[in-house]
Structures are given as structure tokens and as C-alpha cells.
Amino acid sequence: MAATDSTKPQARRTDRTKFWFLGPAVVWILVFTIFPLLYALYTSFFSFRFGKINQFVGLANFGRLFTDSNLHNGLRVTLTFVIVTVTIQMLLGFGLALLLNREMRGKNILRAIMILPLFATPVAMGYLGITLFYEINGPINELIRAFGGSDIPWLSNPFWAQVAIILIDIWQWTPFVFLVSLAALQGLPADLFEAAEVDGASGWQSFRRITLPLMAPVLWLILLLRLVEAFKVFDIPTSLTLGGPGRATEVYSLFTYRTALRFFDHGYAAAQGFLLLIIVSLIVGLLFGRIRSIYQEERN
Amino acid sequence: MRRKTSPIQSILIGGIMFVALLWVLFPFYWAFLNSIKKPADTFRAGAWIPFLQFQPTLEHWISELSIIEIRQALLNSTIISLGAATLSVLLGTLAAYALARFRFGKSGNANFTTWFISQRILPPVVVVIPFFLIMRQLQLLDNVFSLVLLNATFTLPFPVIILSQMIRELPPELEEAAYVDGASVFQGFTRVVLPLILPGLVATWIICMAFSWNEFLFALSLTTKSAIPMPVIIAGAEHTRGVQFWFVGVRVMLTMLPPIVFALLAQRYIIRGLTLGAVKG
């Protein structure tokens, strides 16, 4: 629509010019992502010794993926983390947005404050977590005691350590779900709800029949964005628990990082990276189809 | 907005809002408290209110800010985030203009847009190993330059997507009028379009700065000493001296303040940015 008609003399000049505009960014990304990916693919066929390529091992690095119980542990920890955090964030964020979607005082301040966690350095949150979840006299245990509970072994118990990293991620990303759903809710056509009310629809009915279907595309999109980011989790477990106790919070990225930069097993780490990329791409592929089909239904 | 709120409902809603705000703000408050507590007070229960329950001190701020490594890290983080954001916005604005104003085949524009967005899917840990090996080869390990390049790459989708939407909202007649006056395509872009999208441009730049400032995995993998930025230096408060809550407090504050201030400055564009343009907010 905005494109110049190719019959104008102006257009011929832009034919070449447009590549000068788009080219640099495209070349940049090719150089900095496609090339490293190809390089990673290449290194995944070799064994390494002292950080140097040693010998060609074919698919052996990929074979190890199936038998390495530590890797499977990383995958399990990450999947648990992703499922629990994303589910809670979606429910809590969308629920809050529904509750607060009305005229009220202080909305701008609320929005400004909700933005803060999104930009709080995650690794700083992890270190701050060490003091928040401090088991003897930390503020969280102090509060729990004030309400008559007993101290929780946040960082020394495998289960509670997982809860701790999940809590920080929920703190950080629920506001994202909230802010985006609130923005989308406020963009919904008000007359639809008025008409439903005139027709005698209950609050639940208009939520079920109007709000939810209209919000579905945005909610799927938020889910997709959250899933993609959650699978990358690295900063918080690395800083808060160092993957421990034992391997209870050793998420996939942390395990791969250690394979590569502590044990210098670069070839195997590359193979692990590809497995993660395949898993994330599959999920994106599944959801992407879903989002597109919803958009198309809407158009028909 | 739609339904009338009864007094009980509005009290309930006010209550929920209050709890949400406390929940969001408490960690920041605690970081600040730790940074002004004497060491003994950080391990003690019942030290929540300065002056009343404990005597605050600025000594940790003074001693931390006098440490050379921390000043260096602040400088490194500033260079990395400024450099990366500038590069990213420079490349991104050009690409955004191309996607908004020119046609690339039948569905080229949509495909390019999707391709730019898809960069966010790539887990950084997949490319951190090749980057480590490449940077070692190029002798760029422990060099802020390598982090500028990488952060520019991973923030590039933001300016491309946000700004191409903004440019599409401008009428193309503006540039066409400039062409009639003899301006080139590039001049139409710099003299007509750039001034009009300036607020969005600045906001995008700020968002890219915040993301580059917060980045941890590449910073941890590619720096060892002189190029260490703030997110990596926080770890020093733990490993070399045991967990010293008061120093953790100062470092956490020093690390988190800049991106949070950036975020407040770019508020209007944040939802658009974080949803990669899908929700305008």
C-alpha cells in the first residue's frame, strides 16, 4: 500500500536504494546468528580436548543426548520451571487485568510500577533473592513466622529451591502478562458489552462469550512469548542457587553452559544447544499455527 | 467502566491493588535496606525500618564506589549498553524504513518481519559456544567490543518491528512532497521521516539499552577481567568474601537502577516493544 508504484521514474531509483536500507540489518543478523549456528553445527561433529578440536566423531555427540542422565535432569527441571511459572503468570496476570479493567484512580502509577520488575536485572534479582530467602532471619521467613508458620529451608532443600526460583520469575514476569492483557482489554469495543448487558447477559456470560474469544489471539501471543523466554532461563538459577542443592535447579542452559565453559566439551555442548533449539522451535511452530488460525477465523 | 462498582467492590479492588504494589516494590525496598544496614543488622530479625529499628549507614556505598573494579564495571556496562543500543537502532531504523515503505516481492515484507522476530526464539546458550570460540580466535575475549556487537544483534528485532509500525502510520505523501522538491530517497528518510519518529526512536534506543545492560550469559562467558560489566560483578560480592548482604545490596542497587530509570522514561512504548509490535498498549 505504501510502496511506490514501479511505473514511476522515482520507483526505479528506489529499486536499488531499498536494499541499501534493508541490507545492513539482514547481513548483520546473518553474520551474527546464522554463521555461529553453522559453526556450532560443525563443532558438534567433533570431540574437544583442552578446548581445541580433537577428532571427528560423527554423530556421537548427538548420541550422548539420549543417555546422559544429567542432561535429562536439566530438561526435567526446565520443563517443570516453564510449565509452573508460565501457567501461574498467565492466570495471575490475566486475572488481575480483568479485575482492574475499569476506571479508577492511580491507574498510571500502577502501570509505571508494574513496569519495574520487567526491567530489573534478572541476575541482580537472583543475588537479592539470596538475602530475601535467607533461611535464618530473612524477611520472607520472618513474615512466615509472624503469621505462625515455621522457617522454610528455601535454598538448602531441593524442592524449596525450585519454588524460590519460580517465585522470582513469577515476580518478574506476571506484570508483563498483566500489562499486555490490560492494554488489550481496554482496546475491546465497549458497545459489544453494552449490547450484551441490554440483552440481559450475566457478567460470566459476557466474559465467556465476548471477552474470552476477543482476547484469545492476544492471550496465545503472550503465552508464546512467555514460553520462548522461559525456556531460555539461566540468570536466576545461576545467581540464586548455582543450580543446587545438588542438581535440583540446574536448568538446561546452565547445564549446557557448564558443559562448554567448565568442562570445555564444546562439541557435546553444541549438540545440546541444538536439542534445545529444536524443542523451542517445535513449540513455537505448534502455537504459531494456532495463533494464525485464530486470526483467520476472526477475519471470516 | 462497564459495570457500576459498589463501595465494597472498590474497597476490594483497592486492597488487591495495594497488595500487588507491596509485592512488586518489596524486593527493591529490601535491596535498599541491605545497602544501608551495618553488617550485623543484615543478619538480624526485626530490622525493617531505618532509624527506628536500626541505625542506617552510607559506608557500604562509599566503600563499594571506591573499588576500582566496580567503577570499571559501571563504565563497561555504560559502553556496552550505549554502543549496542546505538548500533541496533541505527541498523534497525534503516531496515524499518525499508519494510514500511518499499515492497520486497509478493510477501517479502511479511517474511522479513517474521524473520527478524524469529531472532528472539534462538536460545542464547546455543550460540554462546561458537561466539566464545570465534572471539577467542579474533582475540576479542574480555573485550567490551565483542559484547557491543552481540547485544546489538540480539536487540535488533525491537527497533525493526516498533519503528516500521510507526513509519507505516505516517502518510507517504510527506516524502513524496520532498521528492518533488528534489530530495533523494535518503534525504526524504533523514529530513522528513526521522524527525517525525524521534520520540519512538529514543524510546526504542532506551529499551535496547536496558536489555543490553541486563544481559548476563554472554557477559559471563566472554569476559574475565577488564571487560566485566555490572551483572557479572555482583557475583564478586559473594564468591570472594562469602555472602555479604550489605555489599550485595549496594551492587544490586547499582545494577538495577539504570535499566529501571530507562524503563520509566520509555514507558509509553514498552508494551509495544515487549510484544514485538503485536499489542500497541
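A salt bridge is taken here as a side-chain nitrogen of Lys or Arg within 4 Å of a carboxyl oxygen of Asp or Glu. By that rule, the side chains of Arg120(B) and Glu229(A) form a salt bridge, with an N to O distance of 3.6 Å. The model is predicted: local features need pLDDT of at least 70, side-chain atom pairs count only at pLDDT 80 or more, and totals for chains, interfaces and linings use all residues. Residues are numbered from 1 along each chain as its sequence is written, chains are lettered from A and ligands numbered from 1 in the order in which they are written, and side-chain values use heavy atoms, with hydrogens and water left out.

**Interface of chains A and B**

- Contact means heavy atoms within 4.5 Å, and 100 residues of chain A are in contact with 98 residues of chain B.
- The size of an interface is often given as the accessible area lost when the parts come together.
- About 9,200 Å² is buried between chain A and chain B, and carbon and sulfur atoms give 79% of that area; buried area is the accessible area (1.4 Å probe) that two parts lose on being put together, summed over both.
- The rule finds 1 salt bridge across the interface of chain A and chain B.

**Helix H1 of chain B against chain A**

- Helices (H or I, at least four residues) are DSSP runs, numbered from the N terminus, as are strands (E, at least two).
- Axes are lines fitted to C-alpha atoms, for helices over the stretch in contact, and angles run from 0 to 180 degrees between N-to-C directions.
- Angles under 35 degrees count as roughly parallel, over 145 as roughly antiparallel, 65 to 115 as roughly perpendicular and the rest as oblique.
- H7(A) and H1(B) make a left-handed crossing; a crossing is left-handed if the near helix is turned anticlockwise from the far one by less than a right angle, and right-handed if clockwise.
- From H7(A), Leu167(A), Ile170(A) and Trp171(A) meet Trp23(B), Val24(B), Pro27(B) and Phe28(B) of H1(B).
- The residues of this contact of H7(A) with H1(B) are 7 nonpolar, no polar and no charged, where Ala, Val, Leu, Ile, Met, Phe, Trp, Tyr, Cys and Pro count as nonpolar, Asp, Glu, Lys and Arg as charged, and the others, Gly among them, as polar.
- Helix H3 of chain A (residues 69-100) packs on H1(B) at about 140 degrees, with the axes 10 Å apart, and H3(A) and H1(B) are therefore oblique to each other.
- The crossing of H3(A) and H1(B) is left-handed.
- Leu96(A), Leu99(A) and Leu100(A) of H3(A) make this contact with Ile13(B), Ile16(B) and Met17(B) of H1(B), giving 6 nonpolar, no polar and no charged residues.

**Within chain A**

- H3(A) and H7(A) pack at about 40 degrees with axes 7 Å apart, which makes H3(A) oblique to H7(A).
- H3(A) passes H7(A) in a right-handed crossing, and the residues of their contact divide into 19 nonpolar, 7 polar and 1 charged.
- Gln162(A) lies in helix H7 of chain A and touches Val77(A), Thr80(A), Ala248(A) and Thr249(A), not counting residues up to four places away in sequence.
- Gln162(A) and Ala248(A) are 86 residues apart in sequence, and their C-alpha atoms are 6.9 Å apart.

**Salt bridges**

- The whole structure has 9 salt bridges over all chains.
- One pairs the side chains of Asp265(A) and Arg64(A) at 3.0 Å, N to O.
- This pair links distant parts of the chain, 201 residues apart: Asp265(A) is in the loop between helix H11 (252-261) and helix H12 (266-299) of chain A, and Arg64(A) is in helix H2 (residues 60-64) of chain A.
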